[in-house]
Amino acid sequence: MSAVPVRTEPEDLDLLLARQLAKSADLPAVSYPTARARNRVGTADALAFRALTFRELGERIDAYATAFAEVGITEGVKTIVMVRPDPDLFAVIFALFRVGAVPVVVDPGMGVRRMLHCFRSVGAEAFIGVPIAHLVRLAARRTFRQVRVHVTAGRSYWGGYTLTDLAARGRRAAPAVVEHLPGDLLMIAFTTGSTGPAKGVEFTRAGFAASLRVVTDLHGRADGFTSLVTVPLFGLFDLLQGAHLVLGPVDPVRVSDADPALLADVAATFAVTDLTASPALLRPLGEHLRRTGTELPTLTTVISMGAPADLDTLDAIREALGSDARVFTTYGATEALPLTTLEWSELAQTRAQTLAGAGTCVGRALPESDSDTRIRIIRITDDEIPWWKDDLEVQPGEVGEIVATGAQVSKNYHRNPAAEARAKIDERLPDGTVRRWHRVGDLAWRDDSARLWFCGRISQRVRTMAGDLFTVQCEQVFNTHPQVRRTALVGVGRPGAQVPVLCYELRDGVDPAETTRIDRELWQLATEYEITKPIRVFLHHSGFPVDIRHNAKIGREELAVWAAGQLGYDHEGKQQ
């Protein structure tokens, strides 16, 4: 079946959802695991699945929206949502969208302290969460002192409302109807803070719908596809495209721990056609498929996102699919989702350049003639850039910082002017209007085919006396070593005079006693390329710290502190 993009105008979120609920009323909207049967772990049969139809999902959204409005969760009310990834999560989010309340979402895996900082900065007035989330709320009353409505997804021991009670209450009244404008604030989603303080990204209704449109246009989707969901946000997009969501047995906080055999069996059982996941989940899945020879012929679209693509992983995934399947790597940020994509047939041809230190190719944006998305590469600086100037752009082929503008690019951080000053650039257009650019914080260069080559984070570049080294660009050279699982380049010492240090993990089964030999072989690799010749220090690490959301972005800041300690540097970057 050919994939035909569904064009969605920015202001049509409510209408689009209503159309999908009506068109697919008796079809499954969400299938979800409810229990693991005893002694039958390892197959989809080991999970008891239930299904919610689009009609039932729509009825639940109606009931919640009506009840929310009655209890004071209304237009503009910022509402913390800490509900498990099950049908209620999607019903609650869409119900809040319906009444004009603003969901506030964070990654619970970022830790209680950082999570409380996020909530404190928002000043939410409502709280919807599972019991353990309410225990945190009660223990940190000062953080949640503005919360006046609290709803429990489960049994409540502290008063307030429960979702079960509100569902019954909402079914007894007419559905809530609220008029919305495209520029209305729709949602606040916090970044993970994996490369800096977590920031609340504002999504307007038009911006969210624009992200949906770009996702659709970049990849194309067959009508009525079945999506194995590992990223809840993409589940919202999928439902708005009429997809059947299958919620796999994946903990969103620890996706890399998911059982690949079970995931493959779930995909086969439900004839899954689409999978969007981070490299941390795709890597073990690809290894399992290759090792066992398992095929997934119904899977026609795989999207790798959240971290640089692992080419070997995507190769293993592609081998298990049918001849018409497409495998994409997609690039973006919480503030700009998505920006570029590249399909495997073209991505595979970039392998040699990547392994020689060109960086990781993340594809190209939609043509500017078909989209308002604009991407530019500007010179590297840590300074704020209040206003756009044409001389900010670097020459073709030169590494610089990615900046982007477009309907899907968030214009603001919530109540965080300092972060906005660092990350936004305003451009005055000839007609007097102002266009806002977002500084993505990533480094890249653009080739003659308009493709971006990701080279690392600007904040993680290694600043030596001889110039800057870019993490991802250098690491790919060393990742070719057959006994090395992955690498991370960090700088030790004072910026401008840093010592580049390559940290590395070993593949399973490799004896750590072999590290002296491996260090010597990595040094030999370094001498073969100009960009890696300055790297002369190599440290074995037992397991890299990674980001919360995708379990794939390496915590190089934390690694740098560890490396400094190994080499005898103090907290000021001076060698003791």
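1. Arg-485 is in contact with Arg-283, Glu-505, Leu-506 and Arg-507, leaving aside neighbours within four places in sequence; contact means heavy atoms within 4.5 Å. The residue lies in strand 24 (residues 484–492). Helices (H or I, at least four residues) and strands (E, at least two) are DSSP runs, numbered from the N terminus. Between Arg-485 and Leu-506 the C-alpha to C-alpha distance is 5.1 Å, with 21 residues separating them in sequence. Arg-485 counts as partly exposed, at 34% relative accessibility; buried means under 20% relative accessible area, exposed over 50%, partly exposed in between (1.4 Å probe, protein chains only).

2. The model is predicted: local features need pLDDT of at least 70, side-chain atom pairs count only at pLDDT 80 or more, and totals for chains, interfaces and linings use all residues. Residues are numbered from 1 along each chain as its sequence is written, and side-chain values use heavy atoms, with hydrogens and water left out.

3. On confidence, the protein chain has an average pLDDT of 92, and 95% of the residues score at least 70; pLDDT is the predictor's confidence in each residue, from 0 to 100. Over residues 1–11 the pLDDT stays under 50, and the model gives this stretch 23 contacts beyond four places in sequence. Residues 37–42 also have pLDDT below 50, with seven contacts beyond near neighbours in sequence.

4. Helix 3 (residues 87–99) and helix 8 (residues 232–240) have axes that come within 11 Å and cross at roughly 70°. Axes are lines fitted to C-alpha atoms, for helices over the stretch in contact, and angles run from 0 to 180 degrees between N-to-C directions. The two helices are therefore roughly perpendicular (under 35 degrees is roughly parallel, over 145 roughly antiparallel, 65 to 115 roughly perpendicular, the rest oblique). Helix 3 contributes Leu-89, Phe-90, Ile-93 and Phe-94 to the contact, and helix 8 contributes Pro-232, Gly-235, Leu-236, Leu-239 and Leu-240. By class these are eight nonpolar, one polar and no charged residues; Ala, Val, Leu, Ile, Met, Phe, Trp, Tyr, Cys and Pro count as nonpolar, Asp, Glu, Lys and Arg as charged, and the others, Gly among them, as polar.

5. Helix 8 also packs against helix 7 (residues 205–219), at about 75° and with the axes 10 Å apart. This pair, too, is roughly perpendicular. Phe-208, Ser-211, Leu-212 and Val-215 of helix 7 meet Leu-233, Phe-234, Leu-236, Phe-237 and Leu-240 of helix 8. The contact divides into eight nonpolar, one polar and no charged residues.

6. Gln-20, in helix 1 (residues 13–23), is buried at 6% relative accessible area. Beyond four places in sequence, this residue touches Phe-54, Leu-239, Leu-240, Gln-241 and Gly-242.

7. Ring pairs link Phe-94, Phe-97, Phe-203, Phe-208, Phe-234 and Phe-237 into a cluster. Rings of Phe, Tyr and Trp (its six-membered ring) pair if their centres lie within 6.5 Å; planes under 30 degrees apart count as stacked, over 60 as edge-to-face and the rest as tilted. The count comes to 14 aromatic pairs. Phe-119 and Phe-144 form a tilted pair, with ring centres 5.7 Å apart and planes at 50°. Phe-119 is in helix 4 (residues 112–122) and Phe-144 is in the loop between helix 5 (131–139) and strand 6 (149–152), 25 residues apart. Both Phe-119 and Phe-144 are buried.

8. The pair of Phe-478 and Phe-538 is edge-to-face, 5.9 Å centre to centre with 65° between the planes. Phe-478 belongs to helix 15 (residues 471–478) and Phe-538 to strand 26 (residues 537–540), 60 residues apart. Phe-478 is buried at 0% relative accessible area, and Phe-538 counts as buried at 9%.
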